[in-house]
Amino acid sequence: MRGECIMPIAENFPEGLKPIGKIMHSDGEHYHFLWGPGKSTNSNGSAAEAFANENVKAAYKARGETQVPLGVSGTMVAVDWDSCVADGACIEACPVQVFQWYRTEKDIPAKDVVDKKFAGTGSSVKEERKDYTDKADPIREHDCIWCMACVSVCPPQAIKVDQSNLQYHEKAAGTYIKLEGGENPHAHD
Ligand code: SF4
């Protein structure tokens, strides 16, 4: 692997990152974590893919939104949102519709999705991104069948799929329950 030429999601994800919040599924049972901090530059000093991509930059400008580092959405199916350029190859490739364009369900800045609830009713069609500020979100991470199709088709290699990362999800879940008050967890706004 020529790691010096492509800067995908970190091979050792989520080492060095911390859970910064969740995206909850409105089924009341499932959720996936967001990991941060995000990055605007890769470890070799080059701009992170979403910060270098002309489509993405133009879309932020058109909205009047400032582009900020976002981090990684998901743990077993992890999408580096600072590398995601809203191509949609993953969305098209996934046989079980793990991903949705989050903005097609809730059109809010990506930095504000932390601790929000999504029903999974957004689009899972490649060309239906709201615009290039949209991100592929693994809202149905729990449905992944580990086929790796999304990993191999992602142009900036923004996705890492690793079933064994369940341990990090569970550890983060334990930490969150403690933070939220033990027996009486509550959701944040
Ligand atoms: S590994 Fe396969 S099933 Fe899992 S999210 Fe990627 S494309 Fe979907």
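Q: How many contacts beyond four places in sequence does the model have for residues 183–189?

A: Seven, and pLDDT stays under 50 over residues 183–189. pLDDT is the predictor's confidence in each residue, from 0 to 100, and two residues are in contact if their C-beta atoms, placed from the backbone, lie within 7 Å. This is a predicted model, in which local features need pLDDT of at least 70 and side-chain atom pairs count only at pLDDT 80 or more, while totals for chains, interfaces and linings use all residues. Residues are numbered from 1 along each chain as its sequence is written.

Q: And what about residues 1–5?

A: Over residues 1–5 pLDDT also stays under 50, and the model has one contact beyond four places in sequence for them. For the protein, the mean pLDDT is 91, with 88% of its residues at 70 or more.

Q: OK, now the fold. How many helices and strands are there?

A: Five helices and eight strands. Helices (H or I, at least four residues) and strands (E, at least two) are DSSP runs, numbered from the N terminus. Along the sequence the pattern reads β-β-α-α-β-β-α-β-β-β-α-β-α.

Q: What order do the strands take in the six-stranded sheet?

A: The order is β6-β1-β2-β3-β4-β8, in an open sheet with mixed pairing. Two strands pair if DSSP finds at least two bridges between them. β6 (116–118) and β8 (159–161) are at the edges with a single partner strand each, so one side of each has no neighbour in the sheet.

Q: Walk me through some of the pairs. How do β1 and β2 run?

A: Strand β1 (residues 18–25) and β2 are antiparallel, with six bridges. Proline 19 sits opposite tryptophan 35 in β2. The two strands form a hairpin with five residues between them, and glycine 28 in the turn has a positive phi of about 80 degrees.

Q: Which residue in β3 is the bridge partner of tryptophan 35?

A: Valine 72. β2 and strand β3 (residues 72–73) run antiparallel and are joined by two bridges. Further along, strand β4 (residues 77–80) and β8 are antiparallel as well, with three bridges; alanine 78 has lysine 160 in β8 as its bridge partner.

Q: Is β2 largely enclosed or left open by the rest of the structure?

A: Largely enclosed, because five of the six residues of β2 (residues 31–36) are buried. A residue is buried if 20 or more other C-beta atoms lie within 10 Å of its own, exposed if 12 or fewer, and partly exposed in between, with C-beta atoms placed from the backbone. Across the protein, 38% of the 189 residues are buried.

Q: Which residues have the most contacts inside the largest nonpolar core?

A: Val72, Val79, Cys84, Cys90, Ala136 and Ile159, in a core of 38 residues. β2, α1 (49–52), β4, α3 (89–93) and β8 each supply at least two residues of this core, and β2 gives the most, with four. A nonpolar core here is a set of buried Ala, Val, Leu, Ile, Met, Phe, Trp, Tyr and Cys residues joined through C-beta atoms within 7 Å.

Q: What is isoleucine 159 in contact with?

A: Leaving aside its neighbours within four places in sequence, isoleucine 159 has contacts with Ile9, Ala78, Val79, Cys90, Cys150, Val151 and Cys154.

Q: Switching to the ligand: which residues come nearest?

A: Cys94, Val98, Cys144, Cys147 and Cys150, out of 14 residues around the ligand. A residue counts as near if its C-beta atom, placed from the backbone, lies within 6 Å of the molecule. By class, that shell has 14 nonpolar, no polar and no charged residues. Ala, Val, Leu, Ile, Met, Phe, Trp, Tyr, Cys and Pro count as nonpolar, Asp, Glu, Lys and Arg as charged, and the others, Gly among them, as polar.

Q: What sort of peptide bond runs from glycine 36 to proline 37?

A: A cis one, with omega near 5 degrees; proline 37 is in the loop between β2 and α1. The bond from phenylalanine 13 to proline 14 is also cis, with omega near 5 degrees, and proline 14 is in the segment before β1.
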